[in-house]
Amino acid sequence: MALFGALFLALLAGAQAELPGCKIRITSKALELVKQEGLRFLEQELETITIPDLRGKEGYFYYNISEKVYEFLSTFITSGMRFLLNQQICPVLYHAGMVLLNSLLDTVPVRSNVDELVGIDYSLLKDPAASASNLDMDFRGAFFPLAEGNWSLPNRAVEPQLWEEERMVYVAFSEFFFDSAMESYFRAGALKLSLVGDKVPHDLDMLLRATYFGSIVLLSPAVIDSPLKLELRVLAPPRCTIKPSGTTVSVTASVTIALVPSDQPEVQLSSMIMDTRLSAKVALRGKALRVQLDLRRFRIYSNQSALESLALIPLQTPLKTMLQIGVMPMLNERMWRGVQIPLPEGINFVREVVTNHAGFLTIGADLHFAKGLREVIEKNRPASTSDTSASSAPPPATTAA
């Protein structure tokens with residue numbers, strides 16, 4: 001019975017474990033690059049160390065040694081002189097390493113704003129898993145509306161997987177990552193568009209007025225020539241589907257056509273439903289994950305009757321053209337700003353390769369230090385650093401560094 005209870009609790013804990021929306025694998029090639037950059041940083045630190053010339057006497061031995069000959073005479077100096085070297089160099093090496101590590105970690109975004117409406121949470125879900133060749137990290141990878149900071153979308157997507165090791169870094173994103181972004185913008189009220197008057201393309205304006213001429217002609221003269229309004233409003237959070245063949249986004253929206261006379265209530269001419277399917281091309285530039293959308297399928301129909309749906313057929317092509325020419329560029333301009341990937345300051349991705357799988361996609365890339373480690377550390381150094389070395393350095397060692 002006790003065994004059954006333990007097994008049940010283990011299964012329950014596994015069922016409640018939160019799945020990652022984003023995974024990152026750092027391979028040994030990346031660690032070697034960071035190591036080399038770190039060594040360059042330590043060399044720069046050592047160049048700033050000033051050790052006064054040593055003069056003294058031990059028994060019958062008189063010495064006068066300058067800094068430049070320490071290495072040459074290292075096999076001959078006494079243990080007391082080694083102690084003096086340790087007092088100067090070992091604490092600096094320790095402090096430099098600690099500053100390097102902490103400064104890099106401090107620049108990694110965990111929970112930050114994407115824009116004025118939405119934020120993203122890159123919290124680690126568990127301790128990184130280290131092997132002989134890789135370091136794997138699981139991140140929440142969830143967007144949220146800033147007005148609802150405690151809201152979160154349940155993650156029921158396929159867990160992303162990482163198998164490759166050829167590149168320095170691999171990043172995997174599940175459908176949940178993108179779904180949480182679209183649902184957050186939906187909840188923030190951003191997925192709507194209203195075109196009024198001159199904002200409606202001229203050809204489309206004429207076609208709409210001709211289509212609904214029978215309704216317009218029955219209105220009062222003061223309303224007939226009023227500006228036309230075309231409103232698109234997404235009805236439910238869009239959903240992302242990732243397959244080996246590509247990534248698509250499904251959107252259902254309402255389309256409302258109305259006249260808006262000044263100082264009078266607007267007069268609705270028609271309301272219809274629009275189903276669209278967008279293809280999504282994902283790219284990684286620097287540290288920004290970007291998505292470019294393209295309209296693939298488009299269908300409008302009436303939610304009132306099949307007869308009215310037939311009457312909407314002439315609007316199919318001009319409305320699709322309006323979306324391609326007027327709406328998609330605005331949407332892609334905003335999407336192209338991208339969202340930051342949790343990578344330390346001064347390190348960017350280069351030579352990216354995107355691969356689609358069933359339910360998730362992976363991006364393999366190499367790393368490039370856009371800034372030297374010293375520049376990163378100086379940028380993130382606290383305002384007062386007068387005594388940091390004394391507080392963070394260990395007690396002087398008793399053997400040479």
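Is Arg239 buried, exposed or partly exposed? With a relative accessible area of 33%, Arg239 is partly exposed; buried here stands for under 20% relative accessible area, exposed for over 50%, and partly exposed for what lies in between, with a 1.4 Å probe and protein chains only.

The structure is a predicted model, in which local features need pLDDT of at least 70 and side-chain atom pairs count only at pLDDT 80 or more, while totals for chains, interfaces and linings use all residues. Residues are numbered from 1 along each chain as its sequence is written, and side-chain values use heavy atoms, with hydrogens and water left out.

The protein as a whole comes first. Its secondary structure comes to 11 helices and 18 strands; these are DSSP runs numbered from the N terminus, with helices (H or I) of at least four residues and strands (E) of at least two. Of the 401 residues in the protein, 39% are buried. The protein exposes about 22700 Å², and carbon and sulfur atoms supply 58% of this area; accessible areas come from the Shrake-Rupley method with a 1.4 Å probe, and for residues only the protein chains shown count as cover. Among contacts (heavy atoms within 4.5 Å) between residues at least 6 apart in sequence, 68% join residues at least 24 apart.

Salt bridges come next. A search of the whole structure finds 18 of them, each being a side-chain nitrogen of Lys or Arg within 4 Å of a carboxyl oxygen of Asp or Glu. Arg239, with which this account opened, forms a salt bridge with Glu183, and the closest N and O atoms are 2.7 Å apart. Arg239 lies in strand β12 (residues 239-243) and Glu183 in helix α4 (residues 175-187), so the pair ties together parts that are 56 residues apart in sequence. Glu183 is buried, because its relative accessible area is 10%.

A second salt bridge joins Asp121 and Arg111, whose closest N and O atoms are 3.1 Å apart. Asp121 belongs to strand β5 (residues 118-121) and Arg111 to strand β4 (residues 111-113), and the two residues are 10 residues apart. Asp121 is buried, with a relative accessible area of 6%, whereas Arg111 is partly exposed at 45%. Both residues also take part in a network of salt bridges that links Glu18, Arg111, Asp121 and Arg140.

The closest N and O atoms of Arg209 and Asp205 are 2.8 Å apart. An α-helix has 3.6 residues a turn, so residues three or four places apart point the same way. Arg209 is partly exposed, with a relative accessible area of 22%, and Asp205 counts as buried at 13% relative accessibility.

Helix α5 also holds Asp203, which counts as exposed because its relative accessibility is 64%.

How far apart are the end C-alpha atoms of α9? They are 31 Å apart, which agrees with the 33 Å that the 23 residues of this helix (residues 313-335) should span at 1.5 Å a residue; the expected span is 1.5 Å times one less than the number of residues. Helix α9 bends by about 40 degrees at Val327, and a proline, Pro329, follows within four residues. The bend at a residue is the angle between axes fitted to the seven residues ending there and the seven starting there.

Helix α8 (residues 306-311) contains Ser309, which counts as buried because its relative accessibility is 18%. Leaving aside neighbours within four places in sequence, Ser309 is in contact with Tyr301 and Ser302. Ser309 and Met272 are 37 residues apart in sequence, and their C-alpha atoms are 8.3 Å apart in space.

The last stop is Phe213, found in helix α6 (residues 213-216). Phe213 is exposed, with a relative accessible area of 52%.
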